[in-house]
Amino acid sequence: MSRDELNIKDNTSLFKEERYVQQRENKKQFEAPCSEQETAEALAYSKSAEYMEKNFSRQNVVINPHKACQPLGSVMAALGFEKTLPFVHGSQGCNAYFRSHLSRHFKEPTPSVSTSMTEDAAVFGGMNNLIDGLENSVALYKPEMVAICTTCMAEVIGDDLNSFIGNARIKGVISEEYPVAYCNTPSFVGSHITGYDAMIKGILSYLYTRSGIESKPGSGEESGEKLNVMLGFEPYTGNFAELRKILGAFDTKYTILGDHSGNYDSPATGEYEYYYGGTKLADVPQAANALATLSLQKYTLKKTQEYISGTWNQQLAALSTPLGIKGTDTLLATISELTGLPVPATLTEERGRVVDALMDSHPYLHGKRVALVGDPDLLIGLIGFCLETGMEPVHIICSNGDVDFNEVKFKDEAEALLAASPYGTEATVHVGKDLWHMRSLLLNDKVDLAIGSSHLKFAAKDAEVPLVRVGFPIFDRHHMHRYPIIGYQGTLNLLSLIVNTILQQLDDHNSGFNFELVR
Amino acid sequence: MDPLRQDEFDSQACGSMAPKAKPCPRPKPGEAAGGCSFDGAQITLLPIMDAAHLVHGPIACAGNSWESRGTLSSGPSLSQYGFATDLTDSDIIFGGEKKLKDSIDYIAGRFAPPAIFVYSTCVTALIGEDMDAVCKEAADRIGIPVIPVNSPGFVGSKNLGNRLAGDALLQYVIGTGEPEPETDLGVNLIGEYNIAGEMWDIEKLMNSAGIAVTSRITGDARYKEITWAHRARVNMVVCSRALLGLAREMESRYGIPYFEGSFYGAKETTYSLRQMAYLMNDREMERRVDRLTEREEARLSQELRPYRKLLRGKRAVLYTGGVKSWSVISALKELGVQVVGVGTNKSTEDDVRRIADRVGDDTEYIPEGGASRIIKTVRERKADIMIAGGRNMYVAMKEQIPFIDINQERHKAYAGYEGLLRLAKELTYSLANPIWKLAASPAPWDKEAPPYDR
Ligand code: SF4
């Protein structure tokens, strides 16, 4: 049956029918009754400057958070390695949340298991759970490596992963050689990005140490000609593809450290395989001999970067997410510098095309006031992009704290970036604030556009600001993560997203003389 | 640490008082487990739409979960807000009680909710926060109910959390208010969370039969209506696994008779409405129900005819929990769909008995979770469609199996007579979509036969 012959209504249209509306009216009697006027007054107050001040002096409650916890990042990091099973040591709920959170964003399954600690574990420690869990999961899901992270519960009771894993080996649950990487990721510090960092560092250092290889950066052997690249907590599978395209154009050899794009963009072949793609485990110790390492999320990957430049004694270039023309220019210049290879003409050409596209759209972007929400590295990229298109960032919120890299704090860098442009003069950067703060900002000081994750949709709706969904998580739109936002191609995607949202607005709000065919 | 009621619960039957009833299943370490007790408690109480729901703990529990359930509200939206104390390491060391108190005060001052529910989480339970005391002190001071929900994740499964939330309602809410004198008293709906608006369909049916809803526990509920739930004349338990204990306790405390029922499928719907009228002991109402159900069933069977033709003989694997495990079977049977595999992981003994009453001998029972186990059943039993929850959806897609989401993330209302029609439509659409043929044919250069003609 291909058409709706019987006209069965779905819930959106059905529940708008008179009888349901009436039903809702009847229910009002149960609600704390207050007059229309009171409601209007309260609403008006919540939009006032006076309330905004109160809201910003709020210390002790978070309203509508815009960050996830450390282990969620660790799960994503673990999925970046070949046949690796993310293993969450804690009670069962956290893992269920991570799986649905990540799956709702990528629309793909998330293989990840939990030690399902219960009360006895809370009292006696989670060793038995960990040992049983290793035995069960290795038998069930046949991973080639297990990557364990902790939750806040395991941290509070002080479980010692290293000795537990050792005991599992002694008991013969896993063999002496079986690789088990781990990291500590209490959720009462940091956020998903810190957890991502901890797991990447955990896996790199573990595989390197056990290999017995001694790092000789740029040693001239095969791996010595390679470049290591890290994307960080990357919600866009399309960004991996874009990066590969760029590196391919340079014709350089490279290893991506932590590539979860396989797991989160696998083909429908009729058979679910559990593990897809990922960085080969054997490539990790070899990566210590590489030419250099390029990090595309410097704030996110802080500890990993320290490890690479320290223990591997390797040259390291750390950028923020390369968005926009300038951001991509820096990326290409850096690759060129690290590898000694010239920037290929194809990319220069592509650059020209995207600059052309930006010029085509610039009348609609110039002077548009925007609000931005995201993780630190994404925000640095987005600010840069906005400034080069003539959009004016006004409110910027970074929930997950004031991360620093090489003694430069995110907030300082963002402010310096803004101060250097005439389009950044109005901006304020808030760290550690939530989306309820953002709501106040949007209501008090109107903007034309909000850019951020799906979570921002409530505040944007209250303030009647169109939202362009960028970042993590994006639950309510499909396939956004399949399109890159980095590189020149990504810049073009971002541009079309933004400019077409603005044009749609124009059409929606102009029915008269301004309802034009050509824009 | 506060004594948590795990033992008491585990020795007690989940779905019935029968001595052999199995306890709530404990997840096995090393498996991809479902939600925790905190999640379960939250799920039960979040549909109290005008209340504030504050999560006391580090960012994990709230940051990964706020506003991700499809329980619809017909008015207030406070329950959609993600409130959290977001404890940091120094709070873990010095205690988070001050932060909790301040958070409660802020919420009360700014949002003026009729009540605040405060949820403990793994960490706050472990570090021994005296949540009950903080809540009590705050309630006395600010003059609105502040209700502690002691259901940290580690005490066990989501289902246990449902029941702990029921406990909190019994202890702090039910019986604390009185309905307006002229209120028409009727039935409490227990364990119907208004996913995709299903509650509204049910209410419409009840209203057409002249049956009043006294309290919704807790789909699209208002705090106040739950305070007078003890005045209802009948309790209907819609999800038995979760809140049967609540109904049982209300029977012994307040003498309210209860029954377990469902609204999936025409038969179950008719049965439930009849049962309400019967327990209300109102002949006139019974007659009205009979007239209504006869009329609705006749109309439905008329409208279902084209779908039935398309669905007859189709085979389905059903993987869901609680009441849906058996009631959806009835619904599918009415459509001519045969259930060849059914999950029993989250079912009580009673549920399993009900499943057995409704399926044939060759139906496979799937006792344990894991996508691969379900997929195996689909393949072996040559099923045409998989009906399960969102977490299994993407695996089904990889395996190119037509799929319908039946659990909390669904966006379609399947309850009542109209719901069955909608279910029929969704099944037909899902099965008939051209994508399955396209997906199953390899690229033209990979095989001899022309594509798309499978
Ligand atoms: S298991 Fe504990 S820490 Fe994890 S989500 Fe549930 S309550 Fe929170």
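Tutor: Lys67(A) and Asp86(B) join their side chains in a salt bridge, at 3.4 Å from N to O; the term means a side-chain nitrogen of Lys or Arg within 4 Å of a carboxyl oxygen of Asp or Glu. This is a predicted model, where local features need pLDDT of at least 70, side-chain atom pairs count only at pLDDT 80 or more, and totals for chains, interfaces and linings use all residues. Side-chain values use heavy atoms, without hydrogens and water.

Student: How many salt bridges are there between chain A and chain B?
Tutor: The count is two.

Student: And how many residues does the contact take from each chain?
Tutor: Chain A gives 88 residues and chain B gives 94, with contact meaning heavy atoms within 4.5 Å.

Student: How much area do they bury between them?
Tutor: About 7800 Å², 60% of it on carbon and sulfur atoms. That is the accessible area (1.4 Å probe) that two parts lose on being put together, summed over both.

Student: New topic: what surrounds the ligand?
Tutor: Among the residues around the ligand are Ser91(A), Tyr97(A), Cys152(A), Phe38(B) and Thr121(B), where near means a heavy atom within 4 Å. The site is shared between chains because residues from both A and B surround the ligand.

Student: Which helix gives the most to that shell?
Tutor: Helix α6 of chain A, residues 92-106, with three residues. Helices here are DSSP runs of H or I, at least four residues, and strands are runs of E, at least two, numbered from the N terminus.

Conventions: Residues numbered from 1 in each chain as written. Chains lettered and ligands numbered in written order.
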